[in-house]
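Hello,

Here is the structure we talked about handing over. Please have a look at it first; my notes follow below.

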Amino acid sequence: MPIYEYQCNACGHEMEALQRMSDAPLTDCAACGKAELRKKISAAGFRLKGGGWYETDFKTGSKKNLAGDAANGAKSRGEKAGGDKSKTG
């Protein structure tokens, strides 16, 4: 179940509530009791990593955005770790 954030327009009290997606939004503030509670919009606090997710399974080549790939990507392109390209001949 997702955690929703709420803020009271009357007193400014902020709270979180664990609710089903199908549940009606809360309206009554726990701090002041007024029906001024509004749901806030916030970003999810997690990222799906590892095999089995879109970034690793359906993207190809250099389009993958995996942790630690910055150093590995430079090495696979023949660049030194410091970013300098080696000169030949």
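Gly12 counts as partly exposed in this predicted model, because its relative accessibility of 37% falls between the cut-offs of 20% and 50%. Gly12 sits in the loop between strand E1 (3-8) and E2. Cys29 is 17 residues away from Gly12 in sequence. In space, the two are 9.6 Å apart, C-alpha to C-alpha.

Next, the overall layout. The protein chain has two helices and three strands. Read from the N terminus, the order is β-β-β-α-α. The chain has 89 residues, and 12% of them count as buried. Its accessible surface is about 7300 Å². Carbon and sulfur atoms account for 51% of that surface. As for contacts between residues at least 6 apart in sequence, 26% join residues at least 24 apart.

Now the side chains. How many salt bridges does the structure hold? The count is one. Lys40 and Glu14 form a salt bridge through their side chains, at 3.5 Å from N to O. This pair links distant parts of the chain, 26 residues apart. Lys40 lies in the loop between strand E3 (37-39) and helix H1 (54-57). Glu14 belongs to strand E2 (residues 14-18).

Rings come next. Lys39 lies over the face of Tyr4, 4.1 Å from the ring centre.

Finally, a word on confidence. The average pLDDT of the protein chain is 74. Of the residues, 48% score at least 70. Where is confidence highest, and where is it lowest? Strand E3 has the highest, at 95. Helix H2 (residues 69-76) has the lowest, at a mean of 52. Over residues 79-84, pLDDT stays under 50. For that stretch, the model has five contacts beyond four places in sequence.

Then turn to Lys39 over the face of Tyr4.

Best wishes

How values were computed: Residues are numbered from 1 along each chain as its sequence is written. This is a predicted model: local features need pLDDT of at least 70, side-chain atom pairs count only at pLDDT 80 or more; totals for chains, interfaces and linings use all residues. Side-chain values use heavy atoms; hydrogens and water are left out. A charge sits over a ring if NZ of Lys or CZ of Arg is within 6 Å of the ring centre and within 35 degrees of the ring normal. Helices (H or I, at least four residues) and strands (E, at least two) are DSSP runs, numbered from the N terminus. Buried means under 20% relative accessible area, exposed over 50%, partly exposed in between (1.4 Å probe, protein chains only). Contact means heavy atoms within 4.5 Å. Accessible areas come from the Shrake-Rupley method with a 1.4 Å probe; for residues, only the protein chains shown count as cover. A salt bridge is a side-chain nitrogen of Lys or Arg within 4 Å of a carboxyl oxygen of Asp or Glu. pLDDT is the predictor's confidence in each residue, from 0 to 100.
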